[in-house]
Amino acid sequence: MSAPLLSVEGLRVGFRAADGGMVEAVRGVDFAIAPGEAVGIVGESGSGKSLSMLAVMRLLGPPARATGGRVLFDGEDLLAADEARMRALRGRDIAMVFQDPQSSLNPALTIGRQITDVVRAHRQVSRSEARRIAAEALERVGIPAAATRLGAYPHEFSGGMRQRALIAMAVACRPRLLIADEPTTALDVTVQAQIVDLIAELRRDLGIAVIFISHNLQLVSEIVDRVVVMYGGKVVEDGPVADIELRARHPYTRLLRSCVPSLSGPVGPLVAIEGAPPRLGRMPPGCPFSPRCPQAVETCAAEMPALLREGRRSLACWRPQ
Ligand SMILES: Nc1ncnc2c1ncn2[C@@H]1O[C@H](COP(=O)(O)OP(=O)(O)OP(=O)(O)O)[C@@H](O)[C@H]1O
Ligand SMILES: [Mg+2]
């Protein structure tokens with residue numbers, strides 16, 4: 001890979017528990033993304049996907065905080081950057097779109113005002129130039145008659161249009177990295193597919209690197225180059241889409257693959273993975289998936305396998321398939 005745009009190394013996120021001890025939800029996460037690359041981060045609920053990304057953006061709030069590791073953006077460690085520097089980077093160089101478009105928009109301000117505010121926070125432009133940029137951004141995300149929609153309030157938009165407006169806000173300043181955290185789960189299936197296509201298109205047209213977080217491996221596979229699979233606060237497998245789809249080596253990835261029907265393809269069997277993900281603070285000393293893993297042997301429960309790199313793939317497993 002060329003010099004990474006973002007490199008996350010040994011990232012840890014923890015909470016202060018009631019008894020004063022620390023509970024870790026992100027337990028040493030490593031992955032990198034090249035300029036313009038699209039990477040999917042997949043894993044079940046609670047695997048630490050959102051917390052990892054909030055840590056990257058430095059948006060974690062108490063009681064959660066980053067307790068270790070480095071987040072290098074273009075070589076600069078964001079975990080060590082001051083708040084003023086982060087405010088300058090957020091929205092301009094790195095932008096994030098969240099799961100629920102409703103709660104991410106201010107209901108009292110027009111869509112146009114919210115986009116122009118972001119533009120004017122980062123670029124020295126006049127109000128009218130900011131409105132032009134906002135209209136262009138809305139147009140780009142497929143909102144018809146964009147210029148006349150600037151005066152609309154969030155409630156006048158459908159759920160899909162609100163998500164488009166948030167994406168417009170995120171890309172208005174042409175960031176180098178867009179982090180989309182399950183941007184489609186609140187939407188119906190047709191609109192989901194449109195949003196996924198939109199993100200793929202923006203990435204292609206603007207050359208923005210994309211991190212797309214989802215439960216749905218098939219869905220992300222349609223638009224990303226590489227997939228990072230997380231389980232129990234760790235990366236268990238990472239590799240190009242084709243390898244993950246056809247030659248996954250981690251038993252968890254293989255089960256995940258058979259879990260969710262594809263949006264565009266035929267509906268496959270919905271095989272649920274038996275058992276539940278480990279609870280926070282009750283992680284086994286070994287591989288977090290070992291209690292549910294059909295392949296597990298004694299070592300798996302006792303000792304965490306290291307994430308080992310082999311070419312473009314990485315794997316943390318004692319019993320790869
Ligand atoms: N503020 C908080 N206080 C305590 N625990 C939290 C807090 N935020 C998250 N957690 C816990 O940390 C773990 C990881 O949460 P995270 O939101 O990163 O999961 P996720 O992979 O994004 O899941 P989902 O797919 O449901 O969005 C979960 O067990 C969650 O309950
Ligand atoms: Mg999440």
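Let me begin with a definition: a residue is called buried under 20% relative accessible area, exposed over 50%, and partly exposed in between, with a 1.4 Å probe and protein chains only. By that rule Phe289, at 0% relative accessibility, counts as buried. Tyr231 is likewise buried, with a relative accessible area of 1%.

Before going further, this is a predicted model, in which local features need pLDDT of at least 70 and side-chain atom pairs count only at pLDDT 80 or more, while totals for chains, interfaces and linings use all residues. Residues are numbered from 1 along each chain as its sequence is written, chains are lettered from A and ligands numbered from 1 in the order in which they are written, and side-chain values use heavy atoms, with hydrogens and water left out.

I stay with the aromatic residues. Rings of Phe, Tyr and Trp (its six-membered ring) pair if their centres lie within 6.5 Å; planes under 30 degrees apart count as stacked, over 60 as edge-to-face and the rest as tilted. The structure holds 3 aromatic pairs. In one of them, the ring centres of Tyr231 and Phe289 are 5.0 Å apart and the planes stand at 75°, so this pair is edge-to-face. Tyr231 belongs to strand S9 (residues 226–231) and Phe289 to the loop between helix H11 (251–257) and helix H12 (298–302), so the pair ties together parts that are 58 residues apart in sequence. Here helices (H or I, at least four residues) and strands (E, at least two) are DSSP runs, numbered from the N terminus. Ring pairs link Tyr231, Tyr252 and Phe289 into a cluster.

I turn now to the ligand. Which residues are the closest to ligand 1? They are Ser45, Gly46, Lys49, Ser50 and His215, in a shell of 14 residues, where a residue counts if one of its heavy atoms lies within 4 Å. Helix H1 (residues 49–57) gives the most to this shell, with 3 residues. By class, the shell has 5 nonpolar, 6 polar and 3 charged residues. For that count, Ala, Val, Leu, Ile, Met, Phe, Trp, Tyr, Cys and Pro are nonpolar, Asp, Glu, Lys and Arg are charged, and the others, Gly among them, are polar.

Next, the polar contacts, which for the ligand are pairs of N or O atoms within 3.5 Å. An N or O atom in the side chain of Ser50 is 2.8 Å from an oxygen atom of ligand 1. For Leu51, a backbone N or O atom lies 2.9 Å from a ligand oxygen. The side chain of Glu182 places an N or O atom 3.1 Å from an oxygen atom of ligand 1. Taken alone, ligand 1 exposes 630 Å², and the protein buries 64% of that, with areas from the Shrake-Rupley method and a 1.4 Å probe.

Beyond H1, the loop between H1 and strand S4 (64–73) holds Pro63. The peptide bond from Pro62 to Pro63 is cis, with omega near 10°. Arg58 is found in the loop between H1 and S4, and its phi is near 60°, a positive value in a residue other than glycine.

Finally, the sheet. An open sheet of 4 strands has the order S2-S1-S4-S5, with antiparallel pairing, where two strands pair if DSSP finds at least two bridges between them. Strand S2 (22–33) and strand S5 (76–77) stand at the edges, each with a single partner strand, so one side of each lacks a neighbour in the sheet.

Conventions. A polar contact is a pair of N or O atoms within 3.5 Å; within protein, one must be able to donate a hydrogen and the other to accept it, and residues adjacent in sequence count only if both atoms are side-chain atoms.
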